[in-house]
Amino acid sequence: MEDVFDTTGRPPSGWMHAIFHGGPYGDDTGRCIPGPPAPEFLEVPLPEGGEHVYRLWKVGSWSDPDDPVAVYDPDVPPAPPGLLTDQERTWLRKAHTERGEDPVRLVAIDSRGNMVRRPTESAIGAMLAGLGRGGGERMVLQRLDDGLQGDRYVQVLLCDDGTYGLEHRAVTGPEHCRSRALSRDEVLGTLLGWAADAIRVER
């Protein structure tokens with residue numbers, strides 16, 4: 001991998017910032033990697049021979065959602081996808097407003113922290129198909145509309161037995177609704193039905 005560094009907050013096109021826990025890149029500041037999306041694994045040659053393998057833990061942001069930061073650590077499993085906070089929603093709206101674009105009403109986030117803004121039906125299907133068993137991998141669809149009614153997000157987990165767990169949460173109140181689905185097609189139908197209004201608006 002080419003050595004690319006940036007400390008201005010604007011890496012070159014096709015690159016993104018990364019933080020590495022331990023290993024040969026552990027003390028680096030401003031190191032960039034190809035992306036987004038961030039590679040799930042990075043193999044770094046060691047001076048004494050062999051390779052050090054970094055595993056992607058999560059993708060976040062210091063302050064700017066358009067400057068994602070990948071965090072690599074070989075000793076931890078992938079982090080569950082986190083919902084966008086109110087502050088992150090504000091950053092997202094501001095970035096699109098400054099570019100003269102319509103606000104984002106729906107995002108899809110996976111366990112690696114990859115986020116798809118305005119996901120299409122095919123993008124939702126591809127993210128669902130990419131879930132792997134046994135690693136606690138999940139995906140989340142989150143609605144960002146102001147003043148929306150109904151559920152704020154739906155989260156999907158692929159279980160070890162091949163079934164899927166789903167969780168919905170309303171916009172207001174602590175109530176969660178959990179269910180189990182047996183097939184990917186059944187889950188996909190649920191996701192697309194839940195996201196249909198936002199997808200129609202985004203088109």
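In this predicted model, D3, D28 and R31 are joined in a network of salt bridges. The count of salt bridges comes to 2, and R31 takes part in each of them. With D28, the closest N and O atoms lie 2.6 Å apart; with D3, the N to O distance is 2.9 Å. The pair of R31 and D3 ties together distant parts of the chain: R31 belongs to strand 3 (residues 31-34), whereas D3 sits in the segment before strand 1 (4-5), and 28 residues separate the two.

R31 counts as buried because its relative accessibility is 5%, under the 20% limit. D3, at 52%, counts as exposed because the limit for that class is over 50%. D28 is partly exposed, with a relative accessible area of 30%.

Turning to the nonpolar residues, the largest core has 18 members, of which L128, M139, L141, V156, V187 and L191 touch the most other members. At least two residues each come from strand 7 (106-110), helix 2 (121-129), strand 9 (138-143), strand 10 (151-158), strand 11 (164-170) and helix 3 (184-202). Helix 3 is the leading contributor, giving 4 residues.

Once neighbours within four places in sequence are set aside, L141 is in contact with L106, V107, A108, I124, R152, Y153, V154, L191, W194 and A195.

Definitions and conventions:
Residues numbered from 1 in each chain as written. Predicted model: local features only at pLDDT ≥ 70, side-chain atom pairs only at ≥ 80, totals over all residues. Heavy atoms only, no water. Core = buried A, V, L, I, M, F, W, Y, C linked by side-chain atoms within 4.5 Å. Buried < 20%, exposed > 50% of the residue type's maximum accessible area, 1.4 Å probe, protein only. Contact = heavy atoms within 4.5 Å. Salt bridge = Lys/Arg side-chain N within 4 Å of Asp/Glu carboxyl O.
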